[in-house]
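Subject: Handover of a protein structure

Dear colleague,

Please find below the structure that I am handing over to you. I would be grateful if you kept it open while reading the notes that come after it.

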Amino acid sequence: MAFFFNSQDRMAAAARVLRAELARGVPDALRIELRELAELVHARIAAPEIAGVETLALPELLNGLPDAVALFDRHGRIRLSNAALDTLFGKPSAVGRTALEVVRSAELSEAVARMLEGNAQKLDIFLPSAQRTFQAFLAPLAGREGLLLLRDVSEARRAEATRRDFVANASHELRTPISAIAGAAERLLSGAIPLPEDARMFLD
């Protein structure tokens, strides 16, 4: 009994961590909290009811997450999805469908297949059906099932592209005047005109 009260508390904590990560930006590695969430989901499925204990339904737990989440069975079909995923892809319910049927992405479908073989993964993927870029976290569960979490990183990727473009443009615009200044300084240092020591120090 204490285990499931503790599990619910930990699930809620994992959800809070995921919300906080979303607010701060995209993490660089597959987070421990996601793996823990996958383990708790599996434990909750394995023992859905305990006599005398009021437990929270698994769909309600997953609906508390801001990211799109799907639980896949061993055959590669979605056995549970949260409201964020259904809304994102305009489905009344994604349950019973494959990843390819829901998101129309061969790349993500292949990643789900690898997940069900036991391989945890993290990849960036552009989904034409949503016209957005997502970071996909795929965590295998016991029983050859798996948990998929899709985090929208479209704005973060656009910001990164803008920063890269700015640095490239600034470097290009500065290259000519800096080259001219460096050439003039080298010419003066080579003896074009006599220089006092202070002037030579500044040129150096």
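**Confidence**

Please bear in mind that this is a predicted model. The protein chain has an average pLDDT of 76, and 71% of the residues score at least 70. Within the chain, helix 6 (residues 106-116) has the highest confidence, at 93, whereas helix 1 (residues 2-24) has the lowest, at a mean of 53. Two stretches call for particular caution.

In general, the strands of a sheet pair through backbone hydrogen bonds, in either a parallel or an antiparallel manner. In this model, five strands make an open sheet with antiparallel pairing, and their order is 2-1-5-4-3. Which strands lie at the edges? They are strand 2 (78-81) and strand 3, each of which pairs on one side only. On average, neighbouring strands of the sheet are turned by 25° against each other, direction ignored.

Strand 2 pairs with strand 1 over three bridges in the antiparallel sense, and Phe72 stands opposite Ile78 of strand 2. These two strands form a hairpin with five residues between them, and Gly76 in the turn has a positive phi of about 85°.

Strand 1 in turn runs antiparallel to strand 5, to which five bridges join it. Are the residues of strand 1 buried or exposed? Five of its five residues are buried. Ala68, Ala70 and Phe72 point one way from the strand, while Val69 and Leu71 point the other way.

Strand 5 (residues 145-152) also pairs with strand 4, in the antiparallel sense and over eight bridges. Here Phe134 stands opposite Asp152 of strand 5. The hairpin of strand 4 and strand 5 has three residues between the strands, and Gly143 in its turn has a positive phi of about 80°.

Strand 4 (residues 132-141) is mostly covered, with eight of its ten residues buried. Its antiparallel pairing with strand 3 (residues 121-127) extends over seven bridges. Asp124 stands opposite Gln135 of strand 4, and Lys122 has Phe137 as its bridge partner in strand 4. Four residues lie between the strands of this hairpin, where Gln131 takes a positive phi near 55°.

**The helix on the sheet**

Helix 6 packs on the sheet and touches strand 1, strand 3, strand 4 and strand 5; its direction makes about 160° with that of strand 3. Which residues of helix 6 are buried? They are Leu108, Ala111, Val112, Met115 and Leu116. Seen down the axis of helix 6, these buried residues fall within an arc of 140°, so they line one face of the helix. Just after helix 6, Gly118 takes a positive phi of about 105°.

**The nonpolar cores**

The largest nonpolar core has 24 residues, and those that touch the most other members are Phe72, Phe89, Ala136, Leu138 and Leu150. Strand 1 (68-72), helix 5 (99-103), helix 6, strand 3, strand 4 and strand 5 each supply at least two residues of this core. Helix 6 provides the largest share, five residues. There is also a second, separate core of twelve residues, among them Leu62, Leu65, Leu71 and Leu147.

Leaving aside residues up to four places away in sequence, Leu150 touches Asp67, Ala68, Phe89, Leu108, Leu127, Phe134, Gln135 and Ala136.

Yours sincerely,

A colleague

Key:
Residues numbered from 1 in each chain as written. Predicted model: local features only at pLDDT ≥ 70, side-chain atom pairs only at ≥ 80, totals over all residues. Heavy atoms only, no water. Buried < 20%, exposed > 50% of the residue type's maximum accessible area, 1.4 Å probe, protein only. Pairing = 2+ DSSP bridges. pLDDT = per-residue confidence, 0-100. Core = buried A, V, L, I, M, F, W, Y, C linked by side-chain atoms within 4.5 Å. Contact = heavy atoms within 4.5 Å. Axes fitted to C-alpha atoms, helices over the stretch in contact; angles between N-to-C directions. Arc of directions from axis to C-beta.
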